[in-house]
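Please find below a short note on the model under review.

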Amino acid sequence: MEDFNFLEFIIQATYFVAALLFILGLKQMGSPMTARRGIVWAGVGMVMATLITYFHSEINHNYLLMTVAIGIGGAIAYVSGKKVAMTDMPQMIALYNGMGGGAAAAIAAVILLKQDEMPMTIQALAVIGALIGTVAFSGSLVAYAKLQGLMRGVIRFPMQQFLNALVFVVALTIGLAIILNGTEYSMTLLTVFFVLALLFGIMVTVPIGGADMPVVISLFNALTGLAVGFEGYVLANPAMMIAGIVVGSAGTLLTQLMAKAMNRPISNVLFSNFGDADGGDDAAAVSGSMKEIDATDVSVMMAFAEKVVIIPGYGMAVAQAQHKVWELTKHLQDRGVTVKFAIHPVAGRMPGHMNVLLAEAGVPYDIIYDLDEINEEFPTTDVVLVIGANDVVNPAARNDPNSPIYGMPILNADYAKNVIVVKRGKGTGFSGIENHLFFADNTRMLYGDGQDVASDLVTSLKEL
Ligand code: NAP
């Protein structure tokens with residue numbers, strides 16, 4: 001029997017506990033009530049896995065380099081995490097996600113470079129992980145640049161899909177050559193392999209735009225998880241393996257859910273021209289006019305309503321109006337009005353964006369409803385208050401087959417008896433198209449910054 005190695009046992013046990021913490025943490029992130037705790041648990045798991053790696057038998061040098069790298073990375077992440085505005089969160093996620101993919105690819109590169117005798121299966125997994133990780137890395141960086149406004153528009157040209165497929169097939173063939181040649185392959189082959197994989201990630205992302213970006217980021221997130229999982233297997237590191245698989249499967253599920261919320265198959269997101277604001281030339285022209293209303297009249301309407309449904313959107317996040325909106329809600333409730341919040345799955349700029357803001361303001365979960373739960377209720381709703389939402393209440397998605405957002409499920413605010421839309425001016429939503437709801441007979445526009453308007457409504461209500 002082999003000698004029992006106590007240190008090795010402790011290391012593997014720590015990885016196991018870290019992996020458990022990742023899974024339990026993720027489970028807790030499933031509900032806004034426990035999400036903060038979930039993040040702390042997963043973080044503790046990550047710290048444990050990182051620290052115990054210092055004692056790994058194969059890591060008996062480079063402690064200084066490791067510590068410096070962790071210090072620099074940790075400091076940058078801490079500062080940027082503290083500073084980032086809620087509205088910039090999607091690009092932050094894209095960037096961090098890209099780093100994960102890049103790290104997995106870098107691990108693969110080191111393994112492939114230093115390997116002497118490695119079973120072919122392990123080598124194959126390293127190559128697959130390298131390919132996926134590199135694509136996720138460069139693709140996520142392009143997604144970051146787009147969302148950060150560093151790169152504008154979409155890039156499309158003839159035979160694009162064919163060229164993309166060609167680059168992918170050549171990268172795959174070189175990957176196969178690396179696996180089959182064992183240690184005989186040249187440095188040049190490996191370099192060309194990584195360059196092609198980087199190129200593919202860029203090429204596949206540049207034609208995607210607009211409303212499809214969050215779906216793509218989620219897809220790259222799933223790919224990063226997969227790459228980390230593969231490299232975890234190659235390194236025989238259970239924490240990496242499990243974390244990778246968890247991220248890979250959670251990312252895949254999220255991608256599917258987001259695509260479903262926008263009524264779009266993933267293949268459409270990747271290979272068609274949706275999500276581009278220029279794509280709506282044939283969309284039906286809007287008829288009617290926008291009719292303005294003031295805060296006093298709106299407060300009277302709401303105060304004497306039986307049921308009010310509030311639909312928050314990206315503009316509420318920009319205005320940071322959630323606290324005032326909750327204050328308004330409490331005033332209405334005190335007057336005996338039933339108030340409910342309706343949340344569209346892609347409202348805001350990241351999944352769960354509105355839920356996070358409302359939770360932060362203290363809005364109880366039992367008055368927050370998902371699209372499927374509330375859509376039936378609009379015809380019996382006296383007043384819908386749309387605050388900073390636009391695309392998610394655009395009836396063109398339901399009525400106009402030529403609209404770029406046609407087919408996306410929306411909150412049927414237009415079915416309510418009265419609709420009040422709070423926004424600053426005539427700005428379009430994320431998709432860049434006109435909203436037919438704003439011109440409807442039962443809609444009134446209440447112009448102003450979301451927070452200011454919510455304050456005015458509270459003041460008017462108090463004076464009634
Ligand atoms: P939206 O369509 O982007 O519209 C937001 C509206 O808020 C704008 O029309 C803007 O009009 C108004 N606004 C901006 N700042 C404001 C302020 N300070 N006060 C009041 N209003 C303000 O928002 P949405 O209805 O939430 O839809 C989300 C869109 O983002 C969808 O197209 C979705 O596909 C996309 N998206 C979603 C995610 C996600 O995962 N949730 C991620 C990325 C993209 P004014 O300029 O006139 O004020």
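**Notes on the predicted model**

1. Of the 464 residues of the protein, 46% count as buried, where buried means under 20% relative accessible area, exposed over 50% and partly exposed in between, with a 1.4 Å probe and protein chains only. This is a predicted model, in which local features need pLDDT of at least 70 and side-chain atom pairs count only at pLDDT 80 or more, while totals for chains, interfaces and linings use all residues. Residues are numbered from 1 along each chain as its sequence is written, and side-chain values use heavy atoms, with hydrogens and water left out.

2. The protein has 17 helices and six strands; helices (H or I, at least four residues) and strands (E, at least two) are DSSP runs, numbered from the N terminus. The C-alpha trace spans about 80 × 55 × 35 Å along its principal axes. Among contacts between residues at least 6 apart in sequence, 78% join residues at least 24 apart; contact means heavy atoms within 4.5 Å.

3. The buried residues of α1 are I11, T14, Y15, A18, A19, L21, F22, G25 and Q28. Their cover includes α2 (35-53) and α9.

4. T14 counts as buried because its relative accessibility is 14%; leaving aside residues up to four places away in sequence, T14 touches M48 and I52. Q28 likewise counts as buried, at 11% relative accessibility. With the exclusion of residues up to four places away in sequence, Q28 touches T34, A35, R37, G38 and W41.

5. Axes are lines fitted to C-alpha atoms, for helices over the stretch in contact, and angles run from 0 to 180 degrees between N-to-C directions. Angles under 35 degrees count as roughly parallel, over 145 as roughly antiparallel, 65 to 115 as roughly perpendicular and the rest as oblique. The contact is made by Q12, Y15, A19, F22, I23 and L26 of α1 with P238, A239, I242, A243, V246 and A250 of α9. By class, 11 of these residues are nonpolar, one is polar and none is charged; Ala, Val, Leu, Ile, Met, Phe, Trp, Tyr, Cys and Pro count as nonpolar, Asp, Glu, Lys and Arg as charged, and the others, Gly among them, as polar.

6. Helices α6 (residues 160-180) and α7 (residues 187-205) pack at an angle of about 150 degrees, with their axes 9 Å apart. The pair is therefore roughly antiparallel. Contributors to the contact include L163, V167 and I174 of α6 and L189, F193 and L196 of α7. The contact residues divide into 18 nonpolar, three polar and no charged.

7. F378 lies in the loop between α15 (371-374) and β4 (383-387). Is F378 buried or exposed? F378 is buried, with a relative accessible area of 0%. Not counting residues up to four places away in sequence, F378 touches residues including V309, I311, A342, V384 and L411. F378 and D414 are 36 residues apart in sequence, and their C-alpha atoms are 7.9 Å apart in space.
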